[in-house]
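Trainee: I would like to go through this model and ask what stands behind each label.
Mentor: Go ahead, and I will set the values against the cut-offs.

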Amino acid sequence: MPSLDPVSNLPDSVPGTGHDTNASRVLAPIGWDSTRVAEFAPYAAAGMQPGRVARVDGLSVMLITADGTTRAESSTELQSAAETAEALPATGDWVGFSARPSHNTDLIEVLLPRSSQLTRTRQVLKSAIERQIVAVNLDVVFIVHAANNVNLRRLEREATQVAASGARVVILLNKADLSGDMDQLVSEALVSVPDVTVHRVSGVTGEGVEELAAYARPDRTVAFIGASGVGKSTLINRLLGREAMDTGAVREDDQRGRHTTTTRHLLPLDGGGALIDTPGVRSLGLSDAGEGVETVFDDVAALALKCRFADCSHSGEPDCAVLEAIRRGELARARLNSFKKLSLETEFAESKSDVRLRQARRDLWKARAKRARQRTDAEQKLD
Ligand SMILES: Nc1nc2c(ncn2[C@@H]2O[C@H](COP(=O)(O)OP(=O)(O)OP(=O)(O)O)[C@@H](O)[C@H]2O)c(=O)[nH]1
Ligand SMILES: [Mg+2]
Ligand SMILES: [Zn+2]
């Protein structure tokens, strides 16, 4: 029977082009397309081979290559040219590497341009923000929450982050088998994020998982993000049809996960396409949560700096700059309402009880307001 698949008709090894043949057969199903081939042409001419980063363990990078998998390290040139950690190989990257038969590891010499990049920001010091890459070259990101325990503040932050990455935002309300009907609340929380789809699924009963399989087409990379214990790895195992990832029970008392997944993994699907599992980031941390609220509500946060009281709740205190802006028509009342809804239970409430934290937060806001002022001053100078 002649095969209809043109790629599998090719012999495994054509002298001089053996790698190209293997590369298209093995790598095409995980996104090695004509654009990548063209981008890679000069490096192929220089003797490099293409690979995709499946996981990063410190300096050691696991690559999926035409011949299987290999361990590789970034060349000194690549490392010294990288001004930030963002320029080093991340899960999902396409790289050019040279085989080094006499070493334990091969050598990554170049990263191909990224089609999308999902980052998260974390406040590391009083006013220092660290940006960390979660994964790159993503087409779709599934934001997973447990349907019986949706954290709306976190959801909005994650959706904003994914929308900024260039990937499509899809929300999964997992554990649909458990009680919980937060769909209405979820859609309200997402009004400010364009083009979101929400699916109710269950990694345990399999409900809704077929709909998810439809996203995971050949040539597409789908990443899963969300808190520990929401069931990311369980869903991934279902889609893969095997127990590729470990899963772990949540704590009885507060439903939190135990951080079972500890590194980001890219996993090829048998039918084509790739999934990326990520560890649930450690309890968001106040600064992390606050960071999200401020990113979405920079305008309110900047105004709040000018209120007379440091812990002003913007609900009638004297000299409240936020209410004043609303009176002058410079800020929509609805913005303040959403801001309060999202920030009240954490930031405000907890900063009230923690003076040090409140001070750190004010420093951060001040720095931001200053930067914003400098930006507008510079723009005015240009006029
Ligand atoms: N009832 C129910 N339990 C689920 C469902 N999906 C996952 N779980 C359970 O939730 C727990 C956590 O699942 P994991 O898949 O390990 O969660 P995770 O999101 O990968 O967590 P981390 O790797 O720690 O980030 C496990 O005990 C799963 O069996 C579901 O749809 N319904
Ligand atoms: Mg996991
Ligand atoms: Zn105020």
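Trainee: What makes α5 mostly covered or mostly open, and how many of its 14 residues are buried?
Mentor: First, this is a predicted model. Buried means under 20% relative accessible area, and 11 of the 14 residues of α5 are buried, so the helix is called mostly covered. Among the buried residues are Leu 152, Leu 155, Ala 159 and Val 162. Charged side chains are listed as well, including Arg 153, Glu 156 and Arg 157.

Trainee: How do you know that the length of helix α5 agrees with its residue count?
Mentor: The expected span is 1.5 Å times one less than the number of residues. Helix α5 covers residues 152–165, and its 14 residues should therefore span 20 Å. The C-alpha atoms at its ends are 20 Å apart, so the two values agree. Just after α5 comes Gly 166, with a positive phi of about 100°.

Trainee: How do you know the same for helix α3?
Mentor: By the same rule, the 12 residues of α3, residues 34–45, should span 16 Å. Its end C-alpha atoms lie 16 Å apart, which agrees. After this helix, Gly 47 takes a positive phi of about 95°.

Trainee: Why is Arg 36 called buried?
Mentor: Arg 36, a residue of helix α3, has a relative accessibility of 10%. The cut-off is 20%, so Arg 36 counts as buried. Pro 50, in strand β1 (residues 49–57), also has a relative accessible area of 10%, and is therefore buried. Between the C-alpha atoms of Arg 36 and Pro 50 there are 9.4 Å in space, with 14 residues of separation in sequence.

Trainee: Why is Val 196 called partly exposed?
Mentor: Its relative accessible area is 25%. Val 196 is in the loop between α6 (183–189) and β10 (197–200). Its C-alpha atom is 8.4 Å from that of Ala 159, although the two are 37 residues apart along the chain. Ala 159 is one of the buried residues of α5.

Trainee: What makes the phi of Asn 137 worth a remark?
Mentor: Most residues other than glycine have a negative phi. For Asn 137 phi is near 55°, a positive value, and the residue is not a glycine. Asn 137 sits in the loop between β7 (128–136) and β8 (140–146). At 3% relative accessibility, Asn 137 also counts as buried. Asp 319 is another non-glycine residue with a positive phi, about 50°; the loop between α10 (298–304) and α11 (321–327) holds Asp 319.

Trainee: Which residues are called protein donors of the magnesium ion, and what makes them donors?
Mentor: They are Ser 233, through OG, and Thr 261, through OG1. A donor must be an N, O or S atom within 2.8 Å of this metal. Ser 233 belongs to helix α8 (residues 232–240) and Thr 261 to the loop between α8 and β12 (265–268), so the pair ties together parts that are 28 residues apart in sequence. Water is not among the atoms, so the site may look incomplete.

Trainee: Why is Ser 233 called buried, and what does its side chain contact?
Mentor: Its relative accessibility is 8%, so Ser 233 counts as buried. Thr 261 is buried too. The side chains of Ser 233 and Thr 261 make a polar contact at 2.9 Å, and those of Ser 233 and Asp 277 make one at 2.5 Å.

Trainee: Which contacts to ligand 1 count as polar, and how do you know?
Mentor: A pair of N or O atoms within 3.5 Å is the criterion. A polar side-chain atom of Asp 177 is 2.7 Å from a nitrogen atom of ligand 1, so that pair falls within the limit. Ser 202 has a polar side-chain atom 3.0 Å from an oxygen atom of the ligand. For Thr 234, the distance to a ligand oxygen atom is 2.5 Å. Taken alone, ligand 1 exposes 650 Å², and the protein buries 88% of that.

Trainee: What kinds of residue surround ligand 1?
Mentor: The shell has 23 residues, divided into six nonpolar, 14 polar and three charged. Helix α8 gives the most, with three residues.

Note on methods. Residues are numbered from 1 along each chain as its sequence is written. Chains are lettered from A and ligands numbered from 1 in the order in which they are written. This is a predicted model: local features need pLDDT of at least 70, side-chain atom pairs count only at pLDDT 80 or more; totals for chains, interfaces and linings use all residues. Side-chain values use heavy atoms; hydrogens and water are left out. Donors are N, O and S atoms within 2.8 Å of the metal (3.2 Å for Na, K and Ca); water is not among the atoms, so sites may look incomplete. Helices (H or I, at least four residues) and strands (E, at least two) are DSSP runs, numbered from the N terminus. Buried means under 20% relative accessible area, exposed over 50%, partly exposed in between (1.4 Å probe, protein chains only). A residue is near a molecule or strand if one of its heavy atoms lies within 4 Å of it. A polar contact is a pair of N or O atoms within 3.5 Å; within protein, one must be able to donate a hydrogen and the other to accept it, and residues adjacent in sequence count only if both atoms are side-chain atoms. Accessible areas come from the Shrake-Rupley method with a 1.4 Å probe; for residues, only the protein chains shown count as cover.
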